[in-house]
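Biologist: Let us go through this structure together, one question at a time.

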Amino acid sequence: MLIYYGVCAGLLGLIFGSFLNCTAMRIVRGEDFVKGRSHCMSCGHELFAPDLIPLFSYLVHKGRCRYCKAKISARYPITEFVFMLLSLGLYVAFIGFGFGSYITFFKYWVLTGCLFLIALTDLEAFDIPDGALLLGAVSWVIFTAVEVIIGVHDLKWAFHHLLAGLIIGGAMLLISLIMDKILGRDSLGGGDIKLYALLGLYLGYAGSYELIILSCILGLLFAGARKILFPESSKEFPFGPAIALGGYILLIFGDALTGWYLGLLT
């Protein structure tokens with residue numbers, strides 16, 4: 001059954017990876033991502049079921065539109081495959097290795113979808129959609145309420161995670177204001193600050209502290225790689241993907257990292 005549900009988790013990741021990629025592209029282009037049919041970006045032809053099967057359609061049609069034969073961006077299969085891997089990573093950690101339950105898996109899976117959407121939009125348009133942040137917060141409230149009702153966590157745990165989100169959000173806002181004064185320009189976007197606050201809800205006190213460190217390290221690595229690969233790109237760098245990836249890593253390895261760190265102090 002573990003393998004069967006693992007396959008289901010992978011397929012779910014493929015399907016929603018395609019949906020999240022399409023949603024991100026529509027948000028960037030100012031299109032309605034709730035209504036309207038999917039269409040070819042080159043000829044505008046509406047796409048139907050045979051054109052929309054994640055990975056499969058791209059491979060069968062050799063990366064081209066079935067109608068106008070225009071080349072389709074490799075972004076589509078790459079994002080679908082990446083979100084499949086992210087979904088499988090959560091499944092292996094929380095179900096396969098028994099670090100959590102199916103409730104934990106779906107709680108973090110919804111958050112991972114929000115983080116993935118945020119990373120895609122921030123990379124392309126330097127914008128973090130408030131809707132994705134709101135969905136992540138609402139998901140935390142709903143799943144945490146379920147966890148409290150069934151006894152996985154108590155109200156004290158929920159309160160401290162809520163407080164952690166407020167603290168990291170407030171701390172990053174204060175740091176941003178100070179850095180703005182020192183540098184004479186914006187140092188951290190409002191969306192980044194709200195993203196830190198959202199992840200604080202899920203990660204708690206220790207995880208929030210680790211997130212600040214890890215996201216800064218990842219941000220430096222991303223900025224260095226971007227400068228090497230795209231030397232003519234603007235100096236402005238989207239920080240959201242680094243925060244999102246750091247949050248995902250800590251969802252899986254946060255407890256182990258905290259235990260290791262505390263072990264060094266004893």
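Biologist: Where is the place of Gly151?

Modeller: This is a predicted model, in which local features need pLDDT of at least 70, side-chain atom pairs count only at pLDDT 80 or more, and totals for chains, interfaces and linings use all residues. Residues are numbered from 1 along each chain as its sequence is written, and side-chain values use heavy atoms, with hydrogens and water left out. Helices are DSSP runs of H or I with at least four residues, numbered from the N terminus. Gly151 lies in the loop between α5 and α6.

Biologist: Does Gly151 count as buried or exposed?

Modeller: Buried means under 20% relative accessible area, exposed over 50%, and partly exposed in between (1.4 Å probe, protein chains only). Gly151 has 55% relative accessibility and therefore counts as exposed.

Biologist: How far apart in space are Gly151 and Tyr205, C-alpha to C-alpha?

Modeller: In sequence, Gly151 and Tyr205 are 54 residues apart. In space, their C-alpha to C-alpha distance is 21 Å.

Biologist: Does Leu264 count as buried or exposed?

Modeller: Leu264 is found in helix α8. Because its relative accessibility is 54%, Leu264 counts as exposed.

Notes: Helices (H or I, at least four residues) and strands (E, at least two) are DSSP runs, numbered from the N terminus.
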